[in-house]
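Please examine the sequence and the structure shown below.

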Amino acid sequence: MPEPRKPFYLTTPIYYVNDAPHIGHAYTTVAADMITRWHRQRQEPVWFLTGTDEHGQKVMRTAEANGVSPQDWADRLVEEAWKPVLGVLDAANDDFIRTTQERHTVRVQTFIQDLYDKGEIYAGQYEGPYCVNCEEYKLPGDLLPGTGEYDGQLVCAIHGRPVEMLAEQNYFFKMSEYTQRLLDFYEANPTFVQPASARNEVLAFVRQGLQDLSISRNTFDWGIPIPWDTTHVLYVWFDALLNYATALGYGSDDPADKARFSSTWPADVHLVGKDILRFHAVIWPAMLMAAGLELPKQVFAHGWLLVGGEKMSKTKLTGIAPATIIDHFGSDAFRYYFLRAIPFGQDGSFSWEDLSARYTAELANGFGNLASRVAAMVAKYFGGALPAAGEPGPAETALADVAAAAVSGAEAAIDTLALHEAIGSIWTLVEATNGYLTEQAPWQVAKDPAERSADDDAAFRQGGRLATILVTAAEALRALAVLLHPVTPKAAAELWTLLGARGPLGDLAAQPVSAAAAFGRLPAGTIITKGAALFPRLEDPTEAPA
């Protein structure tokens, strides 16, 4: 009996609960969801992890400012904002880890105690600049001269807020000893950090030589206590990074947890924003090396969403809630726009006007109207029952070739996480099918008396040219439902229902990606229904809410 396949294991970063999610967080989540849905449609086992990072000074200060305890603040934000947004985005995650959960805190202490016992951690003195918003000790090159109200101070280059000078007795991880081991690993695994710009940044940083990392704080108590010295709490990033292992069962004595960890680890992809790249591509692998654990296969750093030329940020009050967009355009349009309009791995600017234009041209007029037209013509000419097609001609063969090429192109793009290219490849089939209908003009073919049934002059004949055109268009829509299910799951499911495909073909989620590469799967007699528009035209679509 063959061994079970290792699940494709993908993680988002765990999100900081100092405030509610904005569309920058949602961007990472929907990208992760598209990737994992695609792998599921390859019929692969998948494990998709997301969650929240709830310790650290920033959360503690935010809670104090709101007059509640850090735990109460985290509980409220998670239940009222962070978990609900997953439903708003249609994210199909398998697990949600919170760093305040016992399954995490106890296992983190197991990990850190093991490093201490191995001599990887020592006591020392730290003094230097610290950004509370980043929860990171800063190097001189990470700071900028302040301007305006911060004139004369050094500010974080990411958040634009002054750093704090710390002087503490801390525990240190011997990260400097891993400089060469990391460089050797990067050379042996050239796709470990992607895209290329991220890899180059990490290489340049590590080649400068790494410093030992301060991994504890003793000036506040909101964190996981160091097991051998409970006057210290663990540095929030050392705590947070371990979620990728603790969520799978690392450090647990339970047989089921052990089995899950051994069958699923390591991660195939850690998906992160580029501002937290060093934590994941430098500190995290050094931690795993010290513990003797296998390293993840890839860390992929996507770009920032920009507002007014700056990174979207809760600190700078430039965050936009996902519901602001989704309440107007719907979750499918949100997912489609951010995954197609911005080359994945690069920075991109969000524009309400661009989203409106793409919604109208590509989703409503391009894709949605295509489905409505085909359903309407099958209803008009064949009473809603898909007819039997005749022999395909050159035009039908050409459209089927476009479908096959769309599948192969999207598959290749997914493997390199070029999500925008994958959607672009799929969209060639939308455009080709619209072009096919325009060129074949079934409404004109229907006027030909030869298309009438010999037995019933009021009916159109099976196997004729009109039937062949509409069956071919319906097959293209079936392929699009499969291919777009990871991108626009609601619209794809509605299209699957419209096509009557569940009866003869089963659930959409069970359809392999390869099924989109060949026509001829919808049987004659399948009932096609013209339901509501997949992407209805919107009133005042270019007017952003105040």
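Which residue in β14 is the bridge partner of arginine 217? In this predicted model, the partner is valine 233. The contact belongs to the pairing of β12 with β14, a strand that covers residues 229-234. These two strands run in the antiparallel sense and are joined over two bridges.

The pairing is part of an open sheet of three strands, arranged in the order β12-β14-β13 with antiparallel pairing. As a general principle, strands of a sheet pair through backbone hydrogen bonds, in either a parallel or an antiparallel manner.

The model contains 24 salt bridges, counted with a cut-off of 4 Å between the side-chain nitrogen and the carboxyl oxygen. One of them is formed by aspartate 268 and lysine 6, whose closest N and O atoms are 2.7 Å apart. Aspartate 268 is located in the loop between α9 (255-264) and β15 (269-273), whereas lysine 6 is located in the segment before β1 (8-11); the pair therefore ties together parts that are 262 residues apart in sequence. Lysine 6, with a relative accessible area of 29%, is partly exposed.

A further salt bridge joins arginine 278 to glutamate 201, with the closest N and O atoms 3.9 Å apart. This pair also links distant parts of the chain: arginine 278 belongs to helix α10 (residues 277-291) and glutamate 201 to helix α6 (residues 196-207), 77 residues apart. Arginine 278 is partly exposed, at a relative accessible area of 24%, and glutamate 201 is likewise partly exposed, at 34%.

Aspartate 507 and arginine 502 form another salt bridge, in which the closest N and O atoms are 2.8 Å apart. Here aspartate 507 is partly exposed, with a relative accessible area of 40%, while arginine 502 counts as exposed at 57% relative accessibility.

Conventions
Residues are numbered from 1 along each chain as its sequence is written. This is a predicted model: local features need pLDDT of at least 70, side-chain atom pairs count only at pLDDT 80 or more; totals for chains, interfaces and linings use all residues. Side-chain values use heavy atoms; hydrogens and water are left out. Helices (H or I, at least four residues) and strands (E, at least two) are DSSP runs, numbered from the N terminus. Buried means under 20% relative accessible area, exposed over 50%, partly exposed in between (1.4 Å probe, protein chains only). Two strands pair if DSSP finds at least two bridges between them.
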